[in-house]
Amino acid sequence: MALTRRSSNLLKSLTTINPTTRLFSTSSDSSITIETSVPFTGHKIDPPSRSVTTSSSELMTFFTDMSQMRRMEIAADSLYKAKLIRGFCHLYDGQEAVAVGMEAAITRKDNIITAYRDHCLYLGRGGTLLETFAELMGRKDGCSKGKGGSMHFYKKENGFYGGHGIVGAQVPLGCGLAFAQKYSKEDNVSFALYGDGAANQGQLFEALNMAALWDLPAILVCENNHYGMGTAEWRAAKSPAYYKRGDYVPGLKVDGMDALAVKQACKFAKEHALKNGPIILEMDTYRYHGHSMSDPGSTYRTRDEITGVRQERDPIERIRKLLLSHDIATEKELKDIEKEIRKEVDQAIAAAKESPMPDPSELFTNVYVKGYGVEAFGADRKEVRTVLP
Amino acid sequence: MEAMLQGIGAASASVSPCPVDRYYRFGVASLQSLPVIRPEGRTIAGSILRSCRARQFITKAVAAKADSNATSAASKPGHEVLLFEALQEGLDEEMARDPRVCVIGEDVGHYGGSYKVTKDLAKKYGDLRVLDTPIAENSFTGMAVGAAMTGLRPVIEGMNMGFLLLAFNQISDNCGMLHYTSGGQFTIPTVIRGPGGVGRQLGAEHSQRLESYFQSIPGIQMVACSTPYNAKGLMKAAIRSENPVVLFEHVLLYNLKERIPDEEYVVSLEEAEMVRPGEHVTILTYSRMRYHVMQAAKTLVNKGYDPEVIDIRSLKPFDLYTIGNSVKKTHRVLIVEECMRTGGIGASLTAAINENFNDYLDAPIVCLSSQDVPTPYAGTLEEWTVVQPVQIVAAVEKLSQ
């Protein structure tokens, strides 16, 4: 194992590093079993086992993906301060484990829908850095052609349904996605992510009731970062055990900073949802930034708390320690990956800055769908004002 | 860009006309020769067109006395239906035609619909396609929009339009705006329908007119049906439309009886209906007020006036072509609506006509709307919150001076 690694190190210096497809021939992609940091807690269900099977390549993918997400969010922070990103910018750093763990457990045919903290989930679903930055800066090459902004990232072909600004409104949409999957008899599930703030929304319980009533393959994932904007969870919720809030719907509490635990939970949830209907997952996670870029994040919590979580529970550090302890990579290799990612992100930002602003005529496109039907003319009947279906 | 900004009603885009879209305007015979492949086509639309070609299809389906050649030549005696049966027929035909069409609402399935619009559909299509929901408007509207994002075509029924206020966020943000904010990735082909308007002493909360609240939501279309003929046609057109359409029905019109054609027909979503051509004054109306206007028209004719009555049908966008032609002919406009005075459809229509046809008007536009009050329970009071025929007659007389 060590021998192959040293020789591949030599090769590495001659070739450019591609973090996702490097260094490992399939023979050294051994399967590893790792225990999650904390056991799962179940509500009306037997929790899955703590031992997660993974492989060295999967751990490396976790590391590179999470580093890329972290780097992207930090870069977005600087871009916002440089006034290239305007409006609202909600950053996901600290919560990356949820995104990568979920991706590892499901396919692109399963759907994910989330609220406004969607940049990293978009990346996880196959979005590119260029599309992300271009959309954040309002350029034409953005994923929503610059018309959506930070809170409206979508990628329909990969099953990423966004990207929604109004708190809690995405949960009924997510149940609708599950309804459509059941209607078309697909064997897939829909994950509807929401935060601990949104967990107090009425429409969530309405949607949960319907999902349970009709056995929809919907998985509601509460990303509990313990603060609903500026309000701590104990000040907003009488019962902060969000995984128990489903009452008759089973729930599972997961350490959301441990990508492997997230992966195990999502896999378990998918199997459950396909057979028995909805399940709630509560991801115990944390965000280092404030609620959004206009929130310093330190008025309602102490800096010590933030640094404490960063030291003890940081998701990337956890994977780094695993990689080092299992001899899958050396310190230097990981540092090189991070450098490479930094460069990628900088290149994407430069390319996004080059991307043009949308054309003024784009103001009126995509309001209605073109297609079927009558053209509506202006008063003179000569110029087509809109083509309506 | 300036020309675009003069746009009326809906947002405008100057795009080159898509020739295939004109099939609604052609007679039946030319449908065969139309190319089905469209320039920026959606293959789904293309295939549906292909399947329609075989059947006889009334395309220019406007119940206009002026151009009766298309309708009278093709229509047979037909069959008599009540308005809710016409809606049911339209819904049934569309559900049979496209397996993605489903109905979501309260009491639509086993109960058959609170106004019998979905009667027997659950027996025919099953519980999943005609879905009985719990009383949770916000979330079942959201669910329908989520399903529409993946390609289904849900028809959302609000038991009373007023209940859809609870779902306003879903209708406004997700239904109306998702196509835009996703840069065109998602289409939301939903139909949101339900009875609204002032009924017989139903009380304030059950007599609401939501046209005014929905009209500024970008991205949705609004239509109001008034006869069994246009109810069925509009229902079918709304289901086939790729845009979200809000179809306003009226509680008191469900038992109207009319003879409608046997063969399949679809009515254009953006066209107004010429109810009674005339020369002196243009009366624009929609939904139940059409009948009040027609009643007033009888009195007016006896008094020697010749009103032109247009049922605007399309509340968003307005059919300013038909309306414009009428204004150019008569030079006087009276708008009769059931919506509230403040911020209602009449207010927008007044602004639109003033903006576009100011030169043709001989007198300021008169707009008769409901009073800005919650609808009282007492019958006599309720009668005077909506516009009555005597008021219409008086307004026409004043306008014609």
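Trainee: What makes the largest nonpolar core a core, and which residues have the most contacts inside it?
Mentor: This is a predicted model, in which local features need pLDDT of at least 70, side-chain atom pairs count only at pLDDT 80 or more, and totals for chains, interfaces and linings use all residues. Residues are numbered from 1 along each chain as its sequence is written, chains are lettered from A and ligands numbered from 1 in the order written, and side-chain values use heavy atoms, without hydrogens and water. A nonpolar core is a set of buried Ala, Val, Leu, Ile, Met, Phe, Trp, Tyr and Cys residues joined through side-chain atoms within 4.5 Å, where buried means under 20% relative accessible area (1.4 Å probe, protein chains only). The largest one has 81 residues, and A:Phe179, B:Phe214, B:Ile312 and B:Ile353 have the most contacts inside it. Its largest share, 8 residues, comes from helix H6 (170–183) of chain A; helices are DSSP runs of H or I, at least four residues, and strands are runs of E, at least two, numbered from the N terminus.

Trainee: With which residues is B:Ile312 in contact, leaving aside neighbours within four places in sequence?
Mentor: Contact means heavy atoms within 4.5 Å. Among the partners of B:Ile312 are B:Leu284, B:Tyr286, B:Phe318 and B:Leu349.

Trainee: Why are E2 and E4 of chain A called edge strands?
Mentor: Two strands pair if DSSP finds at least two bridges between them. E2 (41–43) and E4 (111–113) of chain A each pair on one side only. They belong to an open sheet of 6 strands in the order E2-E9-E10-E6-E5-E4, with mixed pairing.

Trainee: How do you know that E5 and E6 of chain A pair?
Mentor: They share 6 bridges in the parallel sense, and pairing requires at least two, so the term applies.

Terms used
Buried < 20%, exposed > 50% of the residue type's maximum accessible area, 1.4 Å probe, protein only.
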